[in-house]
Amino acid sequence: MKAGLKLWSNNADTYLEEARRLFQMGACSYLELYVVPGTLNYLDAWKGLDIPFTIHCPHSVHGFNLANPELESHNKEVFKEVRLYADSLNADYIVIHGGLRDSTNEQDMAMETARQLKNLSDSRAVIENKPYLAIPHPMFEGKVCVGYNKKELSEIISVAECGFCLDIVHAVCAANSFKIDYFEYIKDLMTLKPTMFHMSGADNPATVYDSHLHLKEDRIGLKKIAALLSDDAKVSLETKKSSKTSLDDFVEDEKFFNELKQ
């Protein structure tokens with residue numbers, strides 16, 4: 001499996017040289033860069049890295065929500081920056097969240113996501129599965145995510161003609177929200193033939209919220225789950241950063257990651 005380092009575009013001031021160091025020492029195979037809106041001033045710095053890139057589109061925290069028809073024009077403007085990053089860095093994929101719904105008509109919201117995603121017209125797009133419940137934050141209170149189950153994801157993939165990014169802990173959270181065995185839930189999502197994966201640790205096997213913990217904090221059985229992945233699977237490690245200057249904690253996560261297939 002190929003481990004990817006996840007950073008944000010505005011991390012160029014702090015982690016850029018660390019990313020270069022990790023890639024040169026073989027601790028990561030690529031960099032997944034989350035594009036924070038309004039950070040094109042950092043693009044040239046990232047272009048200076050001789051590293052393969054995957055791009056992550058902004059999500060609801062930064063006002064990008066494909067499930068909301070009123071935000072379509074705004075979403076398109078935000079995606080212009082995302083596309084510029086992807087083009088300039090020769091990115092292979094653009095990971096995109098389905099958005100948040102505040103309507104009881106789940107089908108309509110999922111189809112709105114599919115419609116807007118299709119209209120973005122980018123063959124690099126991959127839809128990421130989400131937990132059922134949005135993160136516990138006042139601005140998202142009571143909101144439900146789009147793309148938490150196989151039915152919605154398969155419809156979005158079909159309409160938008162996009163790929164699929166399977167986030168392992170997101171799948172665990174969604175399954176737990178419905179009291180479903182999360183290992184079987186993940187196995188079912190694997191039939192959608194994921195293009196890539198996101199992985200992190202979770203210290204509570206009954207969690208319904210993602211927390212991006214280090215892999216060593218795993219209590220959900222990542223080794224069993226990793227056995228479902230092919231040897232050449234592309235896996236971004238979405239683990240927290242304990243230092244503002246060093247990425248040595250990622251090196252530890254990558255060591256744990258490499259042991260999963262042994």
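This is a predicted model: local features need pLDDT of at least 70, side-chain atom pairs count only at pLDDT 80 or more; totals for chains, interfaces and linings use all residues.

Mentor: Residues are numbered from 1 along each chain as its sequence is written, and side-chain values use heavy atoms, with hydrogens and water left out.

Trainee: What is the radius of gyration of the protein chain, and what does the globule rule give for 262 residues?

Mentor: The chain has nine helices and ten strands, these being DSSP runs numbered from the N terminus (helices H or I, at least four residues; strands E, at least two). The radius of gyration is taken over C-alpha atoms, and the globule rule is 2.2 Å times the number of residues to the power 0.38. The chain is as compact as a globular protein of that length, because the rule gives 18 Å and the radius of gyration is close to that, at 17 Å.

Trainee: In what order do the eight strands close into a barrel?

Mentor: Two strands pair if DSSP finds at least two bridges between them. S1 and S2 pair in the parallel sense over five bridges, and S1 also pairs with S10 in that sense, over four bridges. The pairing in the barrel is parallel, and the order is S1-S2-S3-S4-S6-S8-S9-S10.

Trainee: Which residue of S10 is the bridge partner of Gly 4?

Mentor: S9 and S10 pair in the parallel sense over three bridges, and there His 198 has Ser 236 as its bridge partner in S10. On the S2 side, the partner of Gly 4 is Tyr 30. On the S10 side, the partner of Gly 4 is Ser 236.

Trainee: Which residues of S2 point the other way from Tyr 30, Glu 32 and Tyr 34?

Mentor: In a regular strand the side chains alternate between the two faces of the sheet. Five of the five residues of S2 are buried, where buried means under 20% relative accessible area, exposed over 50% and partly exposed in between (1.4 Å probe, protein chains only). Tyr 30, Glu 32 and Tyr 34 point one way, and the other way point Leu 31 and Leu 33.

Trainee: At what angle does helix H3 run to S4?

Mentor: Axes are lines fitted to C-alpha atoms, for helices over the stretch in contact (heavy atoms within 4.5 Å). Angles run from 0 to 180 degrees between N-to-C directions. Helix H3 (residues 72-88) lies across S2, S3 and S4, and its angle to S4 is about 155°.

Trainee: How far apart are the end C-alpha atoms of helix H9?

Mentor: The expected span of a helix is 1.5 Å times one less than its number of residues. For the twelve residues of H9 (residues 248-259) this should be 16 Å, which agrees with the end C-alpha atoms being apart by 17 Å.

Trainee: Which residues touch the most other members of the largest nonpolar core?

Mentor: A nonpolar core is a set of buried Ala, Val, Leu, Ile, Met, Phe, Trp, Tyr and Cys residues joined through side-chain atoms within 4.5 Å. Leu 117, for example, touches residues including Leu 66, Ile 96 and Ile 127, not counting residues up to four places away in sequence. Of the 82 residues in this core, those touching the most other members are Trp 46, Ile 55 and Leu 117.
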